[in-house]
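Morning, everyone. I'd like to walk through one structure today. Have a look at it, and then we'll start with a helix.

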Amino acid sequence: MQTALHIHSLVAELKANIIGASFKEAEFYKKQREAYLHFKNDKATLALGLVYHPQAFGAFMIPRGKVQMETSEKPWPFFQPALEGVVVEVAQYDFDRIFRIILEKEGERFTIVVEAIGPNGNFWLLDANDKIMATLRNKKFEPGEVYTPPPAPDKLNPRELELRHLIELFRRSDQSVENTIRKNILGLDKVLTDEILERAGMEHGEAACALKDEQLEVLEGKIKRISGFFDDYSSGYFFAHETGNLAYPFKLRICGEEGVKCKSLSFAVYTAIRTRRAERSEASQMQTVITAVERHIKKLMRKIRKVEEDFESAGNFEQYRKYAELIQIYIPKIEKGSDYAELIDVYGSGKPIVIELDPSLSPAQNAEVYFKKYRKGKDALDLLKRRLEIAKRELEAAQVMYTEIETSYNEAVLKYEAELAGIIPAAAERRIPVVRLPYKDYTLSSGVTIFVGRDGADNDSTTFGYAKPYELWFHTSQCPGSHVVMKFPDKNFVPSKGEIAETAAIAAYHSKARNSKTVPVIYTQKKYVRKPRKAKPGLVTVEREKLVMVEPKAPE
């Protein structure tokens, strides 16, 4: 993002603003990978920032009050020995992306080295003899070790460039014009090189060695013109370019647009960093959400397969009814205390079948045991059938949500806030802003999800923030308790009597009547629940309600 030319401009800005200023504070935001040195002059407190995050990086100087830190992280102080030192010099190392700030404090001399070298950027604190005292990123150094900057690139300084240099360079080059410029001249990145070619009227891919002297003279003039723009640090433009967010002190012709005018080149760099990080963060969040929804869909598919398998294996309950009825038919012929009975299958093949018996029970009692197994199996099969129906509805709804998130992310995230809160992994929630949910969610035996409001204002939020108009709302009659919402897999879902009773029992459990034998619970569609003006938290009016008597039961 930044070149040696950007640092040249920043050093000029620092010289104009912090020479004679006092070094007041240093803040390091480790998780954000940002650090700030605060300098107070006679007009304001200025922040020299260094961001070395892989997503966006750079160095800049802006007023301290303009620094935006969207984090709860407490900053770490550093370079304490140099605090209250006065800046006496600012200089760039060999036209590189490294510069130093020299301070004096009560006869002592300190140097702060700023390595604005992208994701590997760093601050160093040196003593009067350039011995390392401390480093921002805890890089290893030996006691008494003298700081040595990384070797400067073996390239030409564009500000000292002469035509003879270009002639010599281009005559021996076997590269294109743009590659020759970038590989041999300091501070000229791809964007600046493309801009130089654009202004010089040259095409990409031209052989460097084929240029005539008059063309090289034009090229020299454009290189000096472009590098000269960086003398004016008060000019800055931010460009949202396809190759990344850009910050330069002039309008880029290659962008084909005006760019956003900023107060200074530093402000343009800061805007580029902030915008880039926000874009990358949003992209990362979007991918996390999409991945979570994909996993949710796969989980529902596995759930459907499992229920289908259970459904197939549970189909044997009809056999139990046949056993029970055959035992009833042949009761006179079955001896009490028998371990089994061999009976003719009058309902099927007409051949003898062997039915196991409990010798401690009478034939009639054995028949009743098989009838109970039949009824239990039938109920289980009905429940599995219901679970399968609900799981398929949930899968269809999840697939619709996935499509909407892919096509219109921001709107979909707001629309499915409650649904996403339940499927985004806890680890991801720390990286994605997720609001505190006012309810606890539970799953009924059939697979339907319900929301149970925590209390007071949370009840209101649950009802009016997370319940759809067509979903069912539950509350104990004439008794304080939680608002409970039955979430529907889709708009056309029709809850069964069992699901209503189970939800009502949970609503009763989350009320002051928890210890009662039976509790009256009302339910209605959420659209018939209203909040009176100035009503206390949790107080609502209800219309078209129905009542069910239930025994309180804790959710499983």
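Where do E220 and K224 lie, and how many residues apart? Both are in helix α5, 4 residues apart, about one turn of the helix. Helices here are DSSP runs of H or I, at least four residues, and strands are runs of E, at least two, numbered from the N terminus.

Ground rules first. This is a predicted model: local features need pLDDT of at least 70, side-chain atom pairs count only at pLDDT 80 or more, and totals for chains, interfaces and linings use all residues. Numbering starts from 1 along each chain as its sequence is written, and side-chain values use heavy atoms, with hydrogens and water left out.

Back to that pair. E220 and K224 form a salt bridge, with the closest N and O atoms 3.2 Å apart. That term means a side-chain nitrogen of Lys or Arg within 4 Å of a carboxyl oxygen of Asp or Glu. E220 counts as buried, at 12% relative accessibility. K224 is partly exposed, at 37%. The cut-offs: buried is under 20% relative accessible area, exposed is over 50%, partly exposed is in between, with a 1.4 Å probe and protein chains only.

Now the helix itself. α5 covers residues 213-229, 17 residues in total. From first C-alpha to last, α5 reaches 25 Å, close to the 24 Å expected. That expectation is 1.5 Å times one less than the number of residues. Its buried residues are L216, L219, E220, I223, I226, S227 and F229. They pack against α1 (4-18), α2 (163-171), α3 (177-184) and α4 (190-200).

Next, the cores. A nonpolar core is a set of buried Ala, Val, Leu, Ile, Met, Phe, Trp, Tyr and Cys residues joined through side-chain atoms within 4.5 Å. The largest one has 51 residues, and F170 and L219 have the most contacts inside it. Helix α6 (residues 265-313) gives the most to this core, with 7 residues. What does F170 touch, beyond its neighbours within four places in sequence? V177, T180, I181, A208, C209, L211, L216 and L219. Contact means heavy atoms within 4.5 Å.

The whole structure has 25 salt bridges. One of them joins R172 and E168, at 3.6 Å, N to O. Both of these residues are exposed. Compare K487 with E471, whose closest N and O atoms are 2.9 Å apart. K487 sits in the loop between β19 (484-486) and α13 (497-509), and E471 in the loop between α12 (457-466) and β18 (472-476), so the pair ties together parts 16 residues apart in sequence. K487 is buried, at 9%. E471 is buried too, at 0%. There is also a network: salt bridges that share partners join R386, E389, R393, D490 and E499.

Last, the backbone. Most residues other than glycine have a negative phi. D130 has a positive phi of about 65°, although it is not a glycine. D130 is in the loop between β9 (122-126) and β10 (132-135), and is partly exposed at 33%. K534 also has a positive phi, about 60°, and is not a glycine. K534 lies in the loop between β21 (529-530) and β22 (541-542). At 83% relative accessibility, K534 counts as exposed.

That's the tour. Questions, please.
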